Amino acid sequence: MLDLTYPFDDQTQVWPNNPSFHRDSTQRGGTATEAWYATGQVALSEHAGTHMDAPIHFAQGQAGIDGIPVEQLMGPAVVIDVRAAAADDRDYRLSISDIHRWEANHGAIPPGAIVMMLTGWGAYWNDRERYFGSATPENPTTLHFPGFSKEVAELLVSERRISGIGIDTPSIDYGPSQDFVVHRIVNAAGLYGLENVAGLAEVPASGATLLALPMKIAGGTGAPVRIIALLPSRDGR
Ligand SMILES: [Zn+2]
């Protein structure tokens with residue numbers, strides 16, 4: 001099993017102008033005379049760090065994070081590796097031919113799949129300017145990083161039966177997007193997006209199963225999510 005989740009800490013990346021993740025903690029005792037006690041409290045955006053975008057995020061009337069059926073929170077992992085293309089073009093968008101190439105090698109995208117785009121952006125997680133592709137990462141009109149394309153989003157929601165999509169960058173829409181069209185298409189279809197996914201390079205292109213379990217915030221537009229990949233066993237069972 002692999003954990004595809006970044007820790008929530010001072011390094012946690014958040015969308016431009018969103019509040020940072022914040023934690024206060026208290027601890028005492030642990031001595032011969034006093035028993036140990038520790039507690040803490042956190043504050044965070046629904047879209048901080050490794051998180052799930054609920055359908056309601058960009059589609060009025062669709063499910064909040066607590067309304068997504070649990071069956072939809074797990075599915076076959078489809079990992080589409082575009083690291084080479086993204087290294088050449090930081091604004092690279094996943095193409096229809098990338099989907100067809102994956103399907104030529106691994107068969108049709110299976111029903112219930114969670115389609116993950118592997119760009120290699122995890123290497124920049126601790127460098128905000130590089131991760132967001134901007135010297136002014138608080139200005140959301142200056143961002144550069146790879147994402148899904150409108151055409152692929154339309155194909156996945158209309159011609160495949162998927163559970164959701166995910167990516168190892170700050171957004172399922174590429175950095176320069178100002179209309180967030182991928183969000184709109186995916187969310188309007190009742191599907192979710194996973195953003196800032198960690199460790200995706202360790203997941204095989206096909207054969208793994210993903211579990212993506214978000215915090216159950218009533219009406220939440222998104223939530224921190226723990227993503228786990230169950231890898232196929234070596235003997236194929
Ligand atoms: Zn989000």
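Strands β7 (162–167) and β8 (192–195) run parallel and are joined by three bridges; strands count as paired when DSSP finds at least two bridges between them. One of these links is I165 with its bridge partner G193 in β8. Strands here are DSSP runs of E with at least two residues, and helices are runs of H or I with at least four residues, both numbered from the N terminus. All of this comes from a predicted model, in which local features need pLDDT of at least 70, side-chain atom pairs count only at pLDDT 80 or more, and totals for chains, interfaces and linings use all residues. Residues are numbered from 1 along each chain as its sequence is written.

Now look at the other partner of β8. Strand β4 (residues 51–53) pairs with β8 in the antiparallel sense, over three bridges, and D53 stands opposite G193.

In a regular strand, side chains alternate between the two faces of the sheet. In β8, Y192 and L194 point one way while G193 and E195 point the other way, and all are buried. A residue is buried if 20 or more other C-beta atoms lie within 10 Å of its own, exposed if 12 or fewer, and partly exposed in between, with C-beta atoms placed from the backbone.

How does the chain get from β7 to β8? Together with α5 (181–188), the two strands make a right-handed β-α-β unit: with the strands pointing away from the viewer, the path from the first strand over the helix to the second runs clockwise. The buried residues of α5 are V182, H183, I185, V186 and N187, and their cover includes β4, α4 (150–159), β7 and β8. After α5 comes G190, with a positive phi near 80°.

Let's follow α5 to its neighbour α4. The axes of the two helices come within 9 Å and cross at roughly 5°; the axes are lines fitted to C-alpha atoms over the stretch in contact, with angles from 0 to 180 degrees between N-to-C directions. Angles under 35 degrees count as roughly parallel, so α4 and α5 are roughly parallel to each other. K150, A153, E154 and V157 in α4 meet V181, V182, I185 and V186 in α5, where contact means C-beta atoms within 7 Å.

Finally, most residues other than glycine have a negative phi. F180, in the loop between β7 and α5, has a positive phi of about 50°, and it counts as partly exposed because it has 15 C-beta neighbours inside 10 Å.

Note on methods: Contact = placed C-beta atoms within 7 Å. Parallel < 35°, antiparallel > 145°, perpendicular 65-115°, else oblique.
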